[in-house]
Amino acid sequence: MLGFLKHEVRKSRNFRLLDLGAGEGGITIALSEWADSLCALDKDAENAKACGRAISAVDGRLNVDCLRGLGEALPFRDESFDLVVLNGVLEWIGSIANDPYKVQRIAIGEIARVLRPAGYLYTAIENRLFPGFLILDPHTHYLLANAMPRGLARLLSKLTKRPPFGNFIYSYWGLRKMLTASFSKIRFYLPLPHYHIPIRMIPAAQSEPQPSHYWTAWSCLQGCDLPWHMIG
Ligand SMILES: C[S@@+](CC[C@H](N)C(=O)[O-])C[C@H]1O[C@@H](n2cnc3c(N)ncnc32)[C@H](O)[C@@H]1O
């Protein structure tokens with residue numbers, strides 16, 4: 001991911017990064033090597049503490065603050081950051097709220113607010129239309145929850161006495177719709193084999209990822225001459 005960001009993001013002087021939903025700081029440590037200053041924010045106080053411990057265990061990383069806070073109410077002034085990283089987090093934002101979609105939209109608006117005018121948001125999330133996720137939701141493991149309207153999935157989970165389905169993930173079009181409310185320039189990539197280990201980033205131009213993307217990426221994982229950002 002860091003290689004991708006270094007390639008795609010034009011780094012300004014005094015480059016400030018927000019790792020939103022940083023967890024215990026796994027990717028924060030890698031990002032802190034690159035950013036001039038970095039804030040790692042997480043809703044969970046224990047995670048924020050663990051992140052602080054992980055950062056202090058690395059020599060010379062004095063440029064990082066690990067804080068507790070919510071993505072939907074960011075405790076920062078307008079235009080505070082050059083880049084916000086939201087990796088595997090959007091689907092957790094608002095997941096126990098009555099209207100998860102609304103809370104996610106608020107969080108995206110908050111991110112746009114704290115970004116400087118030429119700032120970037122890097123976000124990664126599961127694709128709702130990936131066949132395996134249509135059958136079984138990757139977070140709740142509810143059957144067919146992503147194949148039906150959200151209201152029905154929530155109603156069915158309540159009727160079967162389980163927590164209401166709230167980990168909303170999106171198709172290409174669904175995510176684009178949410179982001180365009182706050183961002184004007186959006187680029188999509190298919191990270192392979194998964195966004196947790198993005199060895200190849202396939203530009204997914206104007207549509208859902210195609211089967212041919214997977215084939216090209218699979219071939220290139222075995223070894224090919226193209227740099228990762230040219231595959232597509
Ligand atoms: C799956 S982890 C991702 C951790 C990290 N970004 C990574 O890629 O390794 C999701 C994290 O988001 C945090 N989170 C969930 N809802 C949040 C919210 N509304 N605001 C801030 N953080 C949140 C969780 O506490 C958890 O640490």
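This is a predicted model: local features need pLDDT of at least 70, side-chain atom pairs count only at pLDDT 80 or more; totals for chains, interfaces and linings use all residues.
The order β3-β2-β1-β4-β5 describes an open sheet of 5 strands, with parallel pairing. At the edges sit β3 and β5 (115-124), each of which pairs on one side only. Ignoring direction, neighbouring strands here are turned by 20° against each other on average.

Zooming in on one pair, β2 and β3 run parallel and are joined by 5 bridges.

## Helices across the strands

Two helices are worth a look here. α3 lies across β2 and β3, and runs at about 165° to β3. α4 lies across β1, β4 and β5, at about 140° to β5.

## What's packed inside

In soluble globular proteins, nonpolar side chains tend to be buried together. In this model, the largest nonpolar core has 33 residues, and L17, L18, A40 and V84 have the most contacts inside it. At least two residues of this core come from each of β1 (16-20), α2 (26-32), β2 (37-42), α3 (45-56), β3 (64-68), β4 (81-87) and α4 (100-114).

Take L18 as an example: leaving out residues up to four places away in sequence, L18 touches C39, L41, F81, V84 and V114. Another core, of 5 residues, lies apart from the largest one and includes Y189, L190, L192 and I202.

Key: Residues are numbered from 1 along each chain as its sequence is written. A nonpolar core is a set of buried Ala, Val, Leu, Ile, Met, Phe, Trp, Tyr and Cys residues joined through C-beta atoms within 7 Å. A residue is buried if 20 or more other C-beta atoms lie within 10 Å of its own, exposed if 12 or fewer, and partly exposed in between; C-beta atoms are placed from the backbone. Helices (H or I, at least four residues) and strands (E, at least two) are DSSP runs, numbered from the N terminus. Two residues are in contact if their C-beta atoms, placed from the backbone, lie within 7 Å. Two strands pair if DSSP finds at least two bridges between them. Axes are lines fitted to C-alpha atoms, for helices over the stretch in contact, and angles run from 0 to 180 degrees between N-to-C directions.
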